[in-house]
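Me: I have just opened this structure and would like a short tour. Could we begin with the sheets and then turn to the interface?

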Protein chains: 2
Amino acid sequence: MSYAELRARMPALAGKTYFNYGGQGPLPDSSLEAITASWRTIQELGPFTSAVWPFVESQMAAVRSRLAAACGVGPHRIALTENVTSGCVLPLWGLQWQVGDELLISDCEHPGVVAACQELARRDGLSLAVLPVQAISAQTGEEQLEAAVLTSLEQALTPRTRMVVLSHLLWNTGAVMPIARVAERLQGHGRQPWLLVDAAQSMGCIPLAEAAAAADIYAFTGHKWLCGPEGLGGVALSERLLEQAEPTLIGWRSLRHEGSAGSSWHGDARRFEVATSCVPLLAGLASSMELLAAVGSPETRLARIRAGSAQLWQGLQQIPGLETLLQEPPPAGLVSFRLTGNGAPSPEAVVAQLGEQAIWLRSLDDPHCLRACTHITTTAAEVELLLEALAEALA
Amino acid sequence: MSYAELRARMPALAGKTYFNYGGQGPLPDSSLEAITASWRTIQELGPFTSAVWPFVESQMAAVRSRLAAACGVGPHRIALTENVTSGCVLPLWGLQWQVGDELLISDCEHPGVVAACQELARRDGLSLAVLPVQAISAQTGEEQLEAAVLTSLEQALTPRTRMVVLSHLLWNTGAVMPIARVAERLQGHGRQPWLLVDAAQSMGCIPLAEAAAAADIYAFTGHKWLCGPEGLGGVALSERLLEQAEPTLIGWRSLRHEGSAGSSWHGDARRFEVATSCVPLLAGLASSMELLAAVGSPETRLARIRAGSAQLWQGLQQIPGLETLLQEPPPAGLVSFRLTGNGAPSPEAVVAQLGEQAIWLRSLDDPHCLRACTHITTTAAEVELLLEALAEALA
């Protein structure tokens, strides 16, 4: 399948110029059809009958295997979740902490995860520390980035560090973090800190098997770069986490024998699954992942994504009154830039102004900037259109 | 709209004889169409644009208001959830406990909720006690039930009781618990114990405004008696719980200013909402609730439900080798019965045997029995068919 063929299957991309893949990806019409077909099958066989369970189980097993393959781990290490937050936060609450343990959180994490860590720290008497990566990722070229992040980590680690929270692909600057190297470093630390990775932006955007297999909690969603339906994601969990963490949000899906409260938890990652969720979404995510795979390997797709983001990044260098956050063409599909001119409009005003032309990008609060994403369905003409509209808005 | 017209809109009811409404309700085709239409609208306006937010917000506000009206509370007291478990367990983890606090849990609660309480007790040093209602509900007529449950409560309360967990409509025996009276009694208790009500079976089956308004946590789902899509439910929270409980599973939807981790929580029940969920399900639940309302008031619908369950209950009295759990026709739509004959097949074997005739009921573990549910779409002919099949299976 060609990029153009995939694009033609996405009604969301008709009639607008779309750069918010990092917020939510467009759903292919065939994926919506797969969801609807799954609902019809469930109604035909069920909805609550012995005849429908094999279908439901096969849907879950298929998506679990697909996600496991993307993460380079066994399916027993994948829990299906409603969103990235559930995947990050639920295993977190099940770990054993000691008063004074330190959570080292990068300065590029999503407010939801940070707020969850703050609340965990408040309740369990943990302390919070900041791992600076925002300035590094903006000032350092790709080749030196890995070393610079590891240096920052080295300076931030203390003997009390018990967890590191770091996104794989930073949602604001768009830089890729060396997760596998960070994991390696943490193994040599006396407390062997847990590594929690927010993979909201990486899943479907960059190859991630090495990082996902190295993290303790690698939480992602299907509704951004994978172009699946909203409300379905997952998390890859390490073997040691599966041995040590207890579930917190517990429902019948957490239990080995769902009919009995005396049951033990599932031995595998399913102990972090909860209760009834929307089964038909599984067919939609499977369909979208299949379409992406039909277009090319993760490496091929990343090359396409980077061609778009490089075109955008280079074009942005030519527009007075703005500066890209990254000093080099982006390693993935997120392109963020600040407005620097005297009397420049706010990022929010630019979003509104371009929105009137059906060109969609978003503003971010920290750093206060604009972000445009290019995916495999982005065309060179779209990037040109955005550049022209930005130049006009800032003129 | 007549019952027959509603029934005709439910593809799940074609070609089978269905008594598992308490497991999952059939989805009307117009609700599936509403879901699909919502997805198309989101793709057309969004999926992540300023143009789509008003639509998303209106969908959430509409369902929140509808559920609030059903619960007889203000919309600020309703949090939308993925399932009953989330609604029960998330507020629970945010309450403040003292070592030694006692959780008094009825002996008719769902294993998921019980397991969650066990884990909470293990972590926070709480103790667990059992509130016996199963035998009472089976042995006591409807008129005496309220007094008997209150007596059982009186005997089980201790000065350390800090929470009572009790379903509104017991999922196994099918009896209705006097939630408002229990709440009243707890107000007079020195510790003012929290009242957590599993409303999985009551929402959509019986009028519930009095109970929902009286409980601290009244958690329900849309996919059982409301005939909405799986993966969307809600919880009504008391004012005092909103004042005192902190969210545990925290994401951007919990925060007043989603862009900032320093943000305070939402002041209302939204603090217990998490992050991205499947927005199109809202349209499906709204559609199903509208259809039910078009058929009749909650009171009218309960009368219809009870006509079916009474017919079934009375027919069951005529079949040798089984006995109903309740001594009188059921107060709602759940009809449970034990197999008592010598050499009787197991409940599971009966489920399988009737399943081969496309007659669907389920078995329960505690007590080990069979359960058949009648809803407003159940016909007298279906009940007859079930009775004949049971008589034959036990002959």
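Reply: One definition first: two strands pair if DSSP finds at least two bridges between them. Please also note that this is a predicted model. On that basis, chain A has an open sheet of 4 strands in the order β9-β10-β13-β12, with antiparallel pairing.

Me: Which strands of chain A stand at the edges?
Reply: β9 and β12 of chain A do. Each has a single partner strand, so one side of each is left without a neighbour in the sheet. On average, neighbouring strands of this sheet are turned by 35° against each other, direction ignored.

Me: How many bridges join β10(A) to β13 of chain A?
Reply: There are 4 bridges between β10(A) and β13, residues 368-373 of chain A, and the two strands run antiparallel. Within this pairing, Ser336(A) stands opposite Arg371(A) in β13(A).

Me: And what packs on that sheet?
Reply: Helix α13 of chain A, residues 347-356, touches β10, β12 and β13 of chain A. The direction of the helix makes about 35° with that of β13(A).

Me: Changing topic: which residue forms a salt bridge with Arg338(A)?
Reply: Glu323(A) does, with the closest N and O atoms 3.8 Å apart. Arg338(A) lies in strand β10 and Glu323(A) in strand β9 of chain A, so the pair, 15 residues apart, links distant parts of the chain. Over all chains, the structure holds 30 salt bridges.

Me: In chain B, what is the bridge partner of Glu323(B) in β10(B)?
Reply: The partner is Arg338(B). Here "bridge" refers to strand pairing: 3 bridges join β9(B) to β10, residues 334-339 of chain B, and these strands run antiparallel. Both belong to an open sheet of 4 strands in chain B, ordered β9-β10-β13-β12.

Me: Which helix packs on the chain B sheet?
Reply: Helix α12 of chain B, residues 298-317, touches β9, β10 and β13 of that chain. Its direction makes about 15° with that of β10(B).

Me: How many salt bridges and polar contacts are found across the interface?
Reply: The rule finds 0 salt bridges there, and 26 residue pairs in polar contact.

Methods. Residues are numbered from 1 along each chain as its sequence is written. Chains are lettered from A and ligands numbered from 1 in the order in which they are written. This is a predicted model: local features need pLDDT of at least 70, side-chain atom pairs count only at pLDDT 80 or more; totals for chains, interfaces and linings use all residues. Side-chain values use heavy atoms; hydrogens and water are left out. A salt bridge is a side-chain nitrogen of Lys or Arg within 4 Å of a carboxyl oxygen of Asp or Glu. A polar contact is a pair of N or O atoms within 3.5 Å; within protein, one must be able to donate a hydrogen and the other to accept it, and residues adjacent in sequence count only if both atoms are side-chain atoms. Contact means heavy atoms within 4.5 Å. Axes are lines fitted to C-alpha atoms, for helices over the stretch in contact, and angles run from 0 to 180 degrees between N-to-C directions.
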